[in-house]
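User: Please take a close look at one part of this model, the strand pairing, and then place it in its surroundings. Keep it brisk.

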Amino acid sequence: MIALKTFKKGGVHPEENKISAHAPIQKLPFPKQAIVPLGQNLGAPSKPLVKRGDEVNTGQLIAKAEGFIAANLHSPFTGKVLKVDDAIDSSGYRRPAIFIEVQEEEKWEEGIDTSEAIIREIKADKQAIIDQIKQCGIVGLGGATFPTHVKLMIPDGKKAEYLIINGVECEPYLTSDHRLMLEKGEEMLIGIKILMKALEVEKAIVGIENNKPDAINHLSELAKQYAGISIQPLKVKYPQGGEKQLIKATVNREVPSGKLPIEVGCIVSNVGTAVAVYEAVQKNKPLIERVVTVTGKAVKKPSNFMVRVGTPVQMLIEAAEGLPDNTGKIINGGPMMGKAITSLEVPIVKGSSGILLMKNEESRRGIPQTCIRCSKCTIACPMGLEPFLLAKMAKLSLYERAETEKIMDCIECGSCQFTCPSNLPLLDYLRLGKNKVGQIIRSRK
Amino acid sequence: MNEVLMYALITLGLLGTIAAVILYFVAQKFKVVEDPKIDLVDEVLPKANCGGCGFPGCRSFAEALVKSANEKQSLEGLNCPVGGNEVMKEAASILGLEVEEQDPLIAVIRCNGSKANSPAKVNYDGPSTCAFAHNLYAGEGGCQFGCLGLGDCVASCDFDAIHMNPETGLPVVNDKCVACGACVKACPRSIIELRPKGKKDRRIFVSCINQDKGGIAKKNCGVACIGCSICFKVCTFDAITMSNNLAYIDPIKCKLCRKCVEVCPTNAIHEINFPVRKKKAETEEEVVETKTTMTVTHDTKSDPQKDSQS
């Protein structure tokens, strides 16, 4: 047997726990009130176009992108705007959002094709595709929520060779991308074709970890009809879904420190994004819903839901048959990179990929001991950093030195903290250090 | 044997002499002339090297004092908060100048969101540093402006002047505070403010920096400033300003009359080191009168907030 491809440096293999992998994507009923945060993408928050009392249709533009790295926002529901006010986000901070009173009967904005029929022919040309993606507010659905149209605008003098599609889903527990690949495989491949046309690339590689054989088989079968798209099974290793790790694993190229993937001729996009691109370009449907996994060892019915943006987390948990009694933490995202949320009123946003309910005993952190210099974190780091050293520097506020030691290369994957036998909060300090160093770098400009 | 010893002595002696001559000329060429006053001033400074004056240590502050005295003939804008007026006077007399007396300052914690006043809705189990927790989440009580209680200010204090009260989960400043400002810089939420110590150590300040609307602020913390403006209306000295649903008392304009303390509906305004109130018949009447009128205004004020909440 030939060894499967993967990235070389570091990495860990946490327990996979993909317990919701066989649950088909279900539609979730609408909430009574939706909260649509304005800052759902990386970069500048959108500027609201509606005010209190306005009637909105599903898919109507309600907030406009402001600035270069920004995305449009569309109403996920039909109803009335209650107010434009601050609402708590997953961290508990209050940030501006649009409150919508949801109406039962749905009325779509004109020009949106809501049928299930698959449109295979791509009529739009390169510029029209990018404009349509920008118009529909598509952002990267892998979690970073980087506006997709910005990614598609390749700087002068650079040329993309490969489009790499991230179907890795290396985070334990999460299965939203897995289900999407199984249920919307055709749409996804057309979406990839659209992206290839926009980027003018000939080759696209879909990287999928080997723990999803059904998705690999299904897509390999479908991809035969689409020239240029190849499916690449990968060895299971975390954090293979990281942009730089995936490039290394699929095309064996290394992105230099502080540079973007385009430097080595690659553009990476998520499978969810590809489906969203298909819907935007072929059906004129803006990004208003996404697949969210609700899972956890104690959850009665681990499921995958197609959820409209703005739906409170509470509703998802109810649909998965309630909050287990011994829940210790509710995590937005996966167990490795996700953050615990502070309230159940928090809405689902474009970047939410899963809600993980952890049992009290498994959510507890170990008591931090002293560093024993075992170098496990250095071995595990997929970016070749020295997490123990960087964490110490962040702790001692030695930010200049941390910068020269490339703290900004850290992708916050948490492999170091996961592998640390002394339970040191390495990632926490790295995040603190990155934040401070980022401030210092920005203040220089 | 003797010959070897002699050669060694001669060689070393010659080397030494040559080096001495070179060093003599080098020392002449690169002589550092330092004002002797710097040493004298440095002598009287407290040697805490806390940076409270804005310079990276007592020595550089002494240099700055001498430079300012030589160039501008005044010590304006320079102050050693640790030594206070006494040290500044002494330093000034060495430099043949006079300084104005400055009110001593003290660090004030502008948050009263203790465990009882702002009960925890979530538990935090990350590393004990406010800087990280501030980036991560709003706080256990839910107030995004309030004290996180993880003690970055305590760690930053060189004078043993600030400690955590384990019962309330809030830091407490004692009279060892010299107003060096280290805790002000350490607090990621800018809760700590340096305010004048005041006459007889008496101070009045708003112990809250929450800028949320009243309803939300009150929901998270029982003693939050709800921006009702009652204190603003009752103040006869224009010492209180309202901005972003928050009252601020100007310590210079404030005459310590304590009217605002009495009327505050959430007890967000604190008075420190005042004697216990004597309730005289006349003043009591007055107080009651102002209070009733104020509750009326408060009710009308808070209604729209209730509306917006529901």
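Analyst: **Strand pairing and its setting**

Two bridges join strand β5 (residues 61-64) of chain A to β6(A), and the pair is antiparallel. In this pairing, Leu61(A) faces His74(A) of β6(A). Bear in mind that the model is predicted.

These strands belong to an open sheet of three, ordered β3-β5-β6 in chain A, with antiparallel pairing. Which strands stand at its edges? They are β3 (47-48) and β6 (73-74) of chain A. Each has a single partner strand, so one side of each is left without a neighbour in the sheet.

Now the six-stranded sheet. Chain A also holds an open sheet of six strands, in the order β1-β14-β13-β17-β15-β16. Its pairing is mixed. The edge strands here are β1 (25-27) and β16 (339-340) of chain A, and each pairs on one side only.

Start with β13(A). In the sheet order, β13 stands between β14 and β17. β13(A) and β14(A) are antiparallel partners, linked by six bridges. Across that pair, Glu289(A) stands opposite Arg308(A) of β14(A). Towards β17(A) the sense is parallel, and three bridges make the link. There, Val294(A) stands opposite Ile355(A).

Is β13(A) mostly covered or mostly open? It is mostly covered, with seven of its seven residues buried. Take the two faces in turn. Glu289(A), Val291(A), Thr293(A) and Thr295(A) lie on one side, and these residues are buried. Arg290(A), Val292(A) and Val294(A) lie on the other, and they are buried too. Both faces of the strand are therefore covered: residues on either side count as buried. Note that Glu289(A), which is buried, is also the residue opposite Arg308(A).

Move on along the sheet. Strand β17 (residues 354-359) of chain A also pairs with strand β15 (residues 327-332) of chain A. That pairing is antiparallel and runs over five bridges. Within it, Ile331(A) stands opposite Leu356(A) of β17(A).

A helix lies across this sheet. Helix α3 (residues 176-183) of chain A lies across β1, β13 (289-295), β14 (303-308) and β17 of chain A. The helix runs at about 125° to β13(A).

What about the nonpolar core? The largest one has 203 residues. Those with the most contacts inside it are Leu163(A), Ile192(A), Val277(A), Leu316(A) and Leu426(A). Helix α4 (residues 185-199) of chain A gives the core its largest share, nine residues. Val277(A) touches Ile133(A), Ile138(A), Thr148(A), Gly191(A), Ile194(A) and Leu195(A), leaving aside residues up to four places away in sequence.

Step back to the domains. Chain A is assigned domain 1 (123-364) and domain 2 (376-444). Their centres, taken over C-alpha atoms, are 26 Å apart. The contact between them takes eight residues from domain 1 and 10 residues from domain 2. On the domain 1 side there are four nonpolar, four polar and no charged residues.

Chain B is divided into domain 1 (36-94), domain 2 (104-196) and domain 3 (198-303). In chain B, 15 residues of domain 2 contact 14 residues of domain 3. The side of domain 2 that touches domain 3 has six nonpolar, seven polar and two charged residues.

The chains also meet. Chain B puts 16 residues in contact with 13 residues of chain A. On the chain B side, helix α5 (residues 130-136) of chain B makes the largest share, four residues. That side divides into seven nonpolar, six polar and three charged residues.

Last, the backbone. Most residues other than glycine have a negative phi, and most peptide bonds are trans. Glu412(A) has a positive phi of about 60° and is not a glycine. This residue sits in the loop between α12 (399-404) and α13 (415-419) of chain A. With 13 other C-beta atoms within 10 Å, Glu412(A) is partly exposed. Lys47(B) has a positive phi too, near 60°. Its place is the loop between α2 (36-44) and α3 (58-72) of chain B. Lys47(B) also counts as partly exposed, with 13 C-beta neighbours inside 10 Å.

One peptide bond deserves a look as well. Tyr238(A) and Pro239(A) are joined by a cis bond, with omega about 0°. Pro239(A) is in the loop between β11 (229-234) and α6 (243-251) of chain A.

Methods:
Residues numbered from 1 in each chain as written. Chains lettered and ligands numbered in written order. Predicted model: local features only at pLDDT ≥ 70, side-chain atom pairs only at ≥ 80, totals over all residues. Buried ≥ 20, exposed ≤ 12 C-beta atoms within 10 Å, placed from the backbone. Domains from an automatic or database assignment. Contact = placed C-beta atoms within 7 Å. Nonpolar A, V, L, I, M, F, W, Y, C, P; charged D, E, K, R; others polar. Core = buried A, V, L, I, M, F, W, Y, C linked by C-beta atoms within 7 Å. Pairing = 2+ DSSP bridges. Axes fitted to C-alpha atoms, helices over the stretch in contact; angles between N-to-C directions.
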